[in-house]
Amino acid sequence: MLIVLGGLPATGKTTLARLLASRTGGIQLRIDTIEQAVVRSGLARHPVGPVGYVVGYALAEEQLRQGHTVIAESVNPLAVTRDAWRDAAVRAGVPVLEVEIVCSDPHEHRGRVHSRTVDIPDLPLPGSERIVGLDYEPWHRDRLVVDTAGQEPGASLAPLVEAVLRADRG
């Protein structure tokens, strides 16, 4: 199955994707990693535009066709990007679980933005101003919403694991 994790920067997507991959044996596909590899290649500078997502869709579809569970993690801010992930799952003939990760406490979210560290060499992390000004379209279809505010990652992971198990059964 394809599990698509989207949400603003610093909401906990990477942490949850890593935990979920460890728990399920799924393959974590992180758009930040792809985009930074493109920048390191010398082919582009930040922001790289749609290239990271386009590569991500292709990699996800290939892994899905091989029978792997893929956990695609990105901001996923636009309906067109959300549709493209869904289309990759449809082409591969697998179910898709769409998940929006949020941090409903603005103070906590701001603190995360300012305290996080870079785990991909030379990846520029967006500041609060850029995150607030991000073109992030509202979702117009069903998805699981996981609010990471005020809880440890394991607590945020629990409803995600439950949803994956439900989707796997039926």
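Which residues of the largest nonpolar core touch the most other members? The legends below take up this question and then turn to the strands and pockets of this predicted model.

**View 1. The largest nonpolar core holds 18 residues.** Ile3, Leu5, Leu20, Ile71, Leu97, Val99 and Leu160 touch the most other members. Two or more residues each come from β1, α1, β4, β5 and α7. Helix α7 gives the most, with five residues.

**View 2. Valine 99 and its contacts.** Leaving aside residues up to four places away in sequence, Val99 touches Ile3, Val4, Leu5 and Gly6 among others. Its contacts also include Trp139, Arg143, Leu144, Val146 and Leu160. A second, separate core has 16 residues. Among them are Ala60, Val70, Ala72 and Val94.

**View 3. Strand β4 pairs with both β1 and β5.** β4 spans residues 96-102 and is mostly covered, with five of its seven residues buried. Strand β1 (residues 2-6) runs parallel to β4, and five bridges join the pair. In this pairing, isoleucine 3 stands opposite leucine 97. The pairing of β4 with β5 (residues 144-147) is also parallel, over four bridges.

**View 4. The largest pocket has a volume of about 1,300 Å³.** Its lining counts 45 residues, and Pro9, Lys13, Asp32, Val75 and Arg116 are the closest to its centre. Six helices each supply at least two lining residues: α1 (13-24), α2 (31-41), α3 (51-65), α5 (106-115), α6 (128-132) and α7 (153-169). The largest share, five residues, comes from α1. By class, the lining has 20 nonpolar, 13 polar and twelve charged residues.

View 5. The elements giving two or more residues are α5 and α6. Helix α5 gives the most, with four residues. By class, six lining residues are nonpolar, three are polar and two are charged. Helices α5 and α6 are also among the elements that supply at least two residues to the lining of the largest pocket.

How values were computed
Residues numbered from 1 in each chain as written. Predicted model: local features only at pLDDT ≥ 70, side-chain atom pairs only at ≥ 80, totals over all residues. Heavy atoms only, no water. Buried < 20%, exposed > 50% of the residue type's maximum accessible area, 1.4 Å probe, protein only. Pairing = 2+ DSSP bridges. 1 Å grid on protein atoms, 1.4 Å probe; cavity = no way out; pocket = protein on both sides within 12 Å on 5 of 7 lines; lining within 4 Å. Points joined across faces, edges and corners; volume = space filled by probe spheres on them. Nonpolar A, V, L, I, M, F, W, Y, C, P; charged D, E, K, R; others polar. Core = buried A, V, L, I, M, F, W, Y, C linked by side-chain atoms within 4.5 Å. Contact = heavy atoms within 4.5 Å.
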